[in-house]
Structures are given as structure tokens and as C-alpha cells.
Amino acid sequence: MHLANSPLRFAHLLSWALLAACAGDPPPPAPVRANGALAPTPDALLAMGSGAATPLLQALSRAYAAGHPSLPVRVEPSVGTRGGVAAATDGAVDLGLVGRGLRPALELFPLALDAVVVAGAPDVERQGLTRTELRQLYAGERGSGLTLLLRDTEETANDALESAYPELRALRESGVASARFRVLDHDEAMAHALLTTPGGVGVFSFGAILSWRLPLRPLALDGVRPSVDALASRRWPAVRRLGMVFRAERRARIAPFLAFVASAEGRSATRAAGYLPLPEAAQ
């Protein structure tokens, strides 16, 4: 874990981490300073935000460091989309990682599509779920041998899966209200729960499974297996768009990294990490 060495910057990064831990609460107002934003850290570009985009930025930062003499990219632990937007708005980081359209007064760089999957624990033997089986799982019906793990209400994976299967939203909300299911607040917690819960299943990022080399099983849905090719052909039903937001005055500073992400090399690294690069990123 790398944290910026400025005490003031550390305090702001910590505040965004605390914001992520209370994701259901409205974000606090950004601190007001005479110059309007924190000065950028001199030795690295800082990126922080959506847990879905964090593994991708880690992969891209490694590929970028391998052959580019510009400032390295330092990816901080996930604080969620709201935390990333708040930190980028405040200037605490150069790049806020987002999984939804929260970008007031910031510029947006489209990054990639992420396949939201229902991931199974290492001991889960089944290969996939039908729509009916998925509904029964969310309804808490017994007999599947699976243990459903849920994400918090702010999680964008819920939105992606429920856009494809709208009937799941009310079932999820009912399950949370009745405390029938365990609810995890961030991607790392969900990964740990899936790895340690026998028969556990829950929404997760396909790209994170590949990027972090997790021994989880991304389940097929209605016979379609998740993959980058399934994203490209629009056969995979649960999809979210990832992006990076930044203050306009930081564009020159981050331009070499943005150019790398949009290049053939960067797009290849994005696909290798398990994400589909967005066409707009090449413009």
C-alpha cells in the first residue's frame, strides 16, 4: 500500500477512505482552500476510487512503468466511486476512478467495460446459473447448496446485474432489510468472503478475478460464459462502464499516461487484465 507522503494529503486520502466506509451517507463538502485544490504530489500520479477499476489501473500502471520514463502511476486502495470523485475534485489525487456518472466539474476519460459476474467460491462445482436459479437464490430459497453474499447498496455491480435482471432488485433489498444475507462493503471484503465461505456466491468484477488471479469461479448466466469477447459481442448481460475523472488543470500532467492507455499497447494491457477498452478511449 502506498500513501502520499504529505501529511495534509494523507489526511485527505484518509477522509475519502472513511467516506467509502460510510458509503450510504452523503459525501461531506470538499474542504475550502485559497487555491481551490491541493498541489499535485511531485513524484507520482495518484489514482484512487472505484474498486472495479482499481485492478485495471494496477495492471495499466505496471505496463506503463515498464517502458515509459514519465511519472509513475501510484494506485491507492479502493474508496469507491464517490470517494474517487471527491478526492479528484479536491486535488488529493490526479485521477479519480469511477464506475458511474459522478463527475461534477471534472473531465472524464472513458476507460473500459467491466463484466459484472456472479462469482463462486473455490469449492463451487456448478458452471452457471439460469435466470430462474438466480431469482431463487436472491429469494433465499433453499436447496441450491449455495450461500449468497451481497454488496452494499452503493455498489455499481448491483446496478449492472439488476439492469439485466430487474426482478433481483426488490429481492436484494428485501434480503438486506431482513438480514437474511451477509452484506459486504467493498471489493476486497467480498473477495475475502468468497474465498472463505463454503459455497459462497456473489457479484464481483470479472476483470478483478483475472487481474488479481483469484481462484474464484465466474459463473455462466443463462448459458453465456463471461469473457472479454462476450463483452465485445454484447452477449454478456451485466456490464458497467469504468472511467477516470480529473481536474482540467491536471490534463497536461496526466497526458502521457492517458496517451498510453489509449494506445495499442495500453488497450492490449486492458484486454489482458480482463476488461474491454472503450472505443472512446482511443480518440
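A crossing of two helices counts as left-handed if the near helix is turned anticlockwise from the far one by less than a right angle, and as right-handed if clockwise. Helices here are DSSP runs (H or I, at least four residues), numbered from the N terminus. The model is predicted, so to speak of local features takes pLDDT of at least 70, side-chain atom pairs count only at pLDDT 80 or more, and totals for chains, interfaces and linings use all residues. Residues are numbered from 1 along each chain as its sequence is written, and side-chain values use heavy atoms, with hydrogens and water left out.

The axes of helix 4 (residues 131-138) and helix 6 (residues 167-177) come within 9 Å and cross at roughly 20 degrees; axes are lines fitted to C-alpha atoms over the stretch in contact, and angles run from 0 to 180 degrees between N-to-C directions. Helix 4 is therefore roughly parallel to helix 6 (under 35 degrees; over 145 is roughly antiparallel, 65 to 115 roughly perpendicular, the rest oblique). Their crossing is left-handed. On the helix 4 side, Arg131, Leu134, Arg135 and Tyr138 meet Glu167, Leu168, Leu171 and Arg172 of helix 6, where contact means heavy atoms within 4.5 Å. Sorted by class, this contact of helix 4 with helix 6 has four nonpolar, no polar and four charged residues (Ala, Val, Leu, Ile, Met, Phe, Trp, Tyr, Cys and Pro are nonpolar; Asp, Glu, Lys and Arg charged; the others, Gly among them, polar).

Helix 5 (residues 156-164) also packs on helix 6: their axes come within 7 Å and cross at roughly 135 degrees, so helix 5 and helix 6 are oblique to each other. Here Asn158, Asp159, Leu161 and Glu162 of helix 5 touch Leu168, Arg169 and Arg172 of helix 6.

The crossing of helix 2 and helix 11 is right-handed. Leu56, Leu60 and Ala63 of helix 2 make the contact with Glu265, Gly266, Ala269 and Thr270 of helix 11.

Note on methods:
Helix = DSSP H or I, 4+ residues; strand = E, 2+ residues; numbered from the N terminus.
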